[in-house]
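The sequence and the model are shown first.

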Amino acid sequence: MNNISVRFCVGCGYLCDEIHPEGGQPLWIDGHTYVMKYGVHWSDLDRRDDTCPDCARVFAIAQHGAHPDAPRTATTA
Ligand SMILES: [Zn+2]
């Protein structure tokens, strides 16, 4: 049984690809892409709750009292 320690984003459910990330830096990809890329099974993954950069930004906004579902300044497409 393999135990692959992988960071799991509690916000969007993506996994952090730290094994062979493109561009040399940790890349957050969806779980299906991850298991297909490495040929592993969900049961092999030892997921550790974490937060990807995008969700960390959302959580930071939420903690400051703003509503992430109702952004007042929507500048992103
Ligand atoms: Zn995320």
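## Overall composition

Of the 77 residues of the protein chain, 10% count as buried, a residue being buried if 20 or more other C-beta atoms lie within 10 Å of its own, exposed if 12 or fewer, and partly exposed in between, with C-beta atoms placed from the backbone. The model is predicted: local features need pLDDT of at least 70, side-chain atom pairs count only at pLDDT 80 or more, and totals for chains, interfaces and linings use all residues. Residues are numbered from 1 along each chain as its sequence is written.

The protein chain contains two helices and four strands, arranged along the sequence in the pattern β-β-β-α-β-α. Helices (H or I, at least four residues) and strands (E, at least two) are DSSP runs, numbered from the N terminus. Among contacts between residues at least 6 apart in sequence, 56% join residues at least 24 apart; two residues are in contact if their C-beta atoms, placed from the backbone, lie within 7 Å.

## Nonpolar core

The largest nonpolar core has eight residues in all: Val6, Phe8, Cys9, Tyr14, Leu15, Trp28, Tyr34 and Cys52. Strand β1 (residues 4–9) gives the most to this core, with three residues. A nonpolar core is here a set of buried Ala, Val, Leu, Ile, Met, Phe, Trp, Tyr and Cys residues joined through C-beta atoms within 7 Å. In soluble globular proteins, nonpolar side chains tend to be buried together.

Tyr14, one of the core residues, is in contact with Cys9, Trp28, Ile29, Asp30 and Cys52, leaving aside its neighbours within four places in sequence.

## Pairing of β1 and β4

Strands β1 and β4 pair in the parallel sense over six bridges; two strands pair if DSSP finds at least two bridges between them. Within this arrangement, Arg7 stands opposite Arg48 in β4. Strand β4 (residues 45–50) is hardly covered, since the count of buried residues among its six residues is zero.

Arg47 belongs to strand β4 and is partly exposed, because 15 other C-beta atoms lie within 10 Å. Its C-alpha atom is separated by 6.0 Å from that of Ser5, 42 residues apart along the chain. With neighbours within four places in sequence left aside, Arg47 is in contact with Val6 and Phe8, both of which are listed in the largest nonpolar core.

His32 is found in helix α1 (residues 31–38). The residue His32 is exposed, because 9 other C-beta atoms lie within 10 Å. From His32 to Trp42 the C-alpha to C-alpha distance is 9.4 Å, at 10 residues apart in sequence.

Ser43 lies in the loop between α1 and β4. Ser43 is likewise exposed, with 9 other C-beta atoms within 10 Å. Ser43 and Ile4 are 39 residues apart in sequence, and their C-alpha atoms are 9.3 Å apart in space.
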